[in-house]
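Here is a short briefing on a predicted protein model.

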Amino acid sequence: MSLHYDGGATIIQDEKEESLSEDGVFIEIKKLGGNCRRIRSKIGIEASLDTVWDILTDYEKLADLIPGLAVSEVVEKNDKFARLFQIGQQNLPLGLKFNAKGVLDCYEKDVEILPHGKKREIQFKMVEGDFTQFEGTWLLEQFSKTKNEDNHQVIGGEESSHTTLSYLVDVKPKLWLPIRLVEGRLRKEIKTNLSCIRDEAKRVITAFTSL
């Protein structure tokens, strides 16, 4: 087991790596064998599930929100399905850039009502691109705050909702891509992506409440 620091977050490294960064993003990386990794991550967002869902499924606008996503184009779209062409770009030392591109199929699932709230997910899979395997799930879980300061039930509204956004992906790069390089870049990219989605949700809510 080894212990090191990455951007202010402590990472414990053995069969899996865990970190809780200062901005509230949790990430766990698990080795599945060979050069395959399973990455689990999550972030809490003070917004409704619908607000976060609308941000995630505005696929072409994602390139404007997420710094490492250079291109996000909708190739095909119909009810609860979208095929995307995306190019991710990361800066490397010595002025180099790391680019990864691919075609992803996204399947939007229906809302599932839970005793404590509701959940919804997007399942995705890369069908063409720079990875042998790249598939996973965006999971949104809304937990409603049922009491206000006067101990009365709160019904609906952005201020009464908390959504946990989770991102799970199994990734296996092609042989010419070093897994340690990909793993490190994905960790940083996922942290940034989740933080950007949380910031956009906050911006949407602020704009709505100021009307």
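D54 sits in helix α1, residues 49-56. Helices (H or I, at least four residues) and strands (E, at least two) are DSSP runs, numbered from the N terminus. The model is predicted, so local features need pLDDT of at least 70 and side-chain atom pairs count only at pLDDT 80 or more, while totals for chains, interfaces and linings use all residues. Residues are numbered from 1 along each chain as its sequence is written, and side-chain values use heavy atoms, with hydrogens and water left out.

- Six of the eight residues of α1 are buried, so the helix is largely enclosed by the rest of the structure. Buried means under 20% relative accessible area, exposed over 50%, and partly exposed in between (1.4 Å probe, protein chains only).
- The buried residues of α1 are L49, T51, V52, W53, I55 and L56.
- D54 belongs to a negative surface patch, together with D58, E60, D64 and E73.
- Patches are made of residues with over 30% relative accessible area and no salt bridge; like charges are joined within 9 Å, and nonpolar side chains (Val, Leu, Ile, Met, Phe, Trp, Tyr) within 5 Å.
- Asp and Glu count as negative, Lys and Arg as positive; His and the chain ends are not counted. A charge is placed at NZ of Lys, CZ of Arg, CG of Asp or CD of Glu.

**Whole protein**

- The secondary structure comes to three helices and 12 strands.
- Of the 211 residues, 44% count as buried.
- The accessible surface is about 11,900 Å², and 51% of this belongs to carbon and sulfur atoms. Areas come from the Shrake-Rupley method with a 1.4 Å probe; for residues, only the protein chains shown count as cover.
- Among contacts (heavy atoms within 4.5 Å) between residues at least 6 apart in sequence, 50% join residues at least 24 apart.

**Salt bridges**

- The count comes to 11 salt bridges. The rule asks for a side-chain nitrogen of Lys or Arg within 4 Å of a carboxyl oxygen of Asp or Glu.
- E28 pairs with R40 in a salt bridge, with the closest N and O atoms 4.0 Å apart. E28 lies in strand β4 (residues 26-33) and R40 in strand β5 (residues 36-45), so the pair ties together parts that are 12 residues apart in sequence.
- E28 is buried at 13% relative accessible area, whereas R40 is partly exposed at 39%.
- R83 and D105 form a salt bridge, their closest N and O atoms being 2.6 Å apart. R83 is in strand β7 (residues 81-91) and D105 in strand β8 (residues 97-108), so this pair ties together parts 22 residues apart in sequence.
- D105 is buried at 6% relative accessible area; R83 is partly exposed at 28%.
- E112 bridges to K119, with the closest N and O atoms 3.9 Å apart. E112 is partly exposed at 41%, and K119 is partly exposed at 25%.
- R37, E183 and R187 are linked in a network of salt bridges.

**S166 in strand β12**

- Strand β12, residues 161-173, holds S166.
- S166 has a relative accessible area of 16%, so this residue counts as buried.
- Leaving aside neighbours within four places in sequence, S166 is in contact with S41, K42, T137, W138 and L139.
- S166 and T137 are 29 residues apart in sequence, yet their C-alpha atoms are 8.0 Å apart in space.
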